[in-house]
Amino acid sequence: MAEAEEIARLIGKVRFRLGQAHNIARAAETCAAEDCRERVFRLLEELQGLAREVGHLV
């Protein structure tokens, strides 16, 4: 696979993971507004995992 194709594939993975993180962050905001603290913390843990994964991809 050419280097440019590999870079494009990695960027696609990063974009996908960031989209997931965005959706989770919106859900966490909603839960925070509804004072669902336990759910907020679980969602934040998911965000942390996605951020770590994106960091490794980059």
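**Note on the salt bridges**

1. Arg-9 and Glu-6 sit 3 residues apart in helix H1 (residues 3–33), about one turn of the helix. Helices here are DSSP runs of H or I, at least four residues, numbered from the N terminus. The side chains of this pair, Arg-9 and Glu-6, form a salt bridge at 2.6 Å, N to O. A salt bridge means a side-chain nitrogen of Lys or Arg within 4 Å of a carboxyl oxygen of Asp or Glu.

2. The model is predicted: local features need pLDDT of at least 70, side-chain atom pairs count only at pLDDT 80 or more, and totals for chains, interfaces and linings use all residues. Residues are numbered from 1 along each chain as its sequence is written, and side-chain values use heavy atoms, with hydrogens and water left out.

3. How exposed is the Arg-9 side of the pair? Arg-9 is partly exposed, at 34% relative accessible area. Glu-6 is also partly exposed, at 28%. Terms: buried is under 20% relative accessible area, exposed is over 50%, and partly exposed lies in between (1.4 Å probe, protein chains only).

4. Glu-53 and Arg-17 also meet through their side chains, in a salt bridge of 2.4 Å, N to O. Glu-53 belongs to helix H2 (residues 37–57) and Arg-17 to helix H1, so this pair ties together parts 36 residues apart in sequence. Glu-53 is partly exposed, with a relative accessible area of 31%.

5. Arg-37 and Asp-35 make a salt bridge too, at 3.3 Å, N to O. Arg-37 is exposed, at 59% relative accessible area. Asp-35 counts as exposed as well, at 51%.

6. How many salt bridges does the whole structure hold? The search finds 3.

Methods
Helices (H or I, at least four residues) and strands (E, at least two) are DSSP runs, numbered from the N terminus.
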